[in-house]
Amino acid sequence: MVQPNNNDKDKFLYPRSRYYGQGRPQELIFNANLQEFAQKVGFITALETSGKLSPQDAYDQIKALWKQLKHSKKQLGIGDEPPTST
């Protein structure tokens, strides 16, 4: 039997999409944080839907993740400066 490649497993479990915006470092970091948020929300909703997590626990966990994402946005200064036209 062929041993699964851990890199392939990670790509399947934690997919990353390409970023199409401006390539500023803080925007790339926020994009990664946003993708991680979306992935974790997907896991939480799957656990809640399957009955492994109560609706209140799912809500609380998603709310905490949202607060982390908002804090990340503020720390990185995303949205503070007006967008530049190209």
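## Burial and surface

Of the 86 residues in the protein chain, 17% are buried. The model is predicted. Its accessible surface comes to about 7,200 Å². Carbon and sulfur atoms account for 58% of that area.

## Fold

The protein chain holds three helices and zero strands. From the N terminus, the order is α-α-α. Take the contacts between residues at least 6 apart in sequence: 55% of them join residues at least 24 apart.

## Confidence

The mean pLDDT of the protein chain is 85. A score of at least 70 is reached by 79% of the residues. Helix 3 (residues 55–76) has the highest confidence, at a mean of 97. Helix 1 (residues 6–13) has the lowest, at a mean of 68. Coordinates predicted with low pLDDT should not be read in detail.

## Salt bridges

The protein chain has two salt bridges. Side chains of opposite charge can pair when their charged atoms come close.

Arg-24 is partly exposed, with 25% relative accessibility. Glu-27 is buried at 17%, because the cut-off for burial is under 20% relative accessible area.

The other bridge joins the side chains of Glu-36 and Lys-40, with an N to O distance of 3.0 Å. Both residues lie in helix 2 (residues 25–49). They are four residues apart, so about one helical turn separates them. Glu-36 is partly exposed, at 35% relative accessible area. Lys-40 is also partly exposed, at 34%.

Technical notes:
Residues are numbered from 1 along each chain as its sequence is written. This is a predicted model: local features need pLDDT of at least 70, side-chain atom pairs count only at pLDDT 80 or more; totals for chains, interfaces and linings use all residues. Side-chain values use heavy atoms; hydrogens and water are left out. Helices (H or I, at least four residues) and strands (E, at least two) are DSSP runs, numbered from the N terminus. Buried means under 20% relative accessible area, exposed over 50%, partly exposed in between (1.4 Å probe, protein chains only). Contact means heavy atoms within 4.5 Å. Accessible areas come from the Shrake-Rupley method with a 1.4 Å probe; for residues, only the protein chains shown count as cover. pLDDT is the predictor's confidence in each residue, from 0 to 100. A salt bridge is a side-chain nitrogen of Lys or Arg within 4 Å of a carboxyl oxygen of Asp or Glu.
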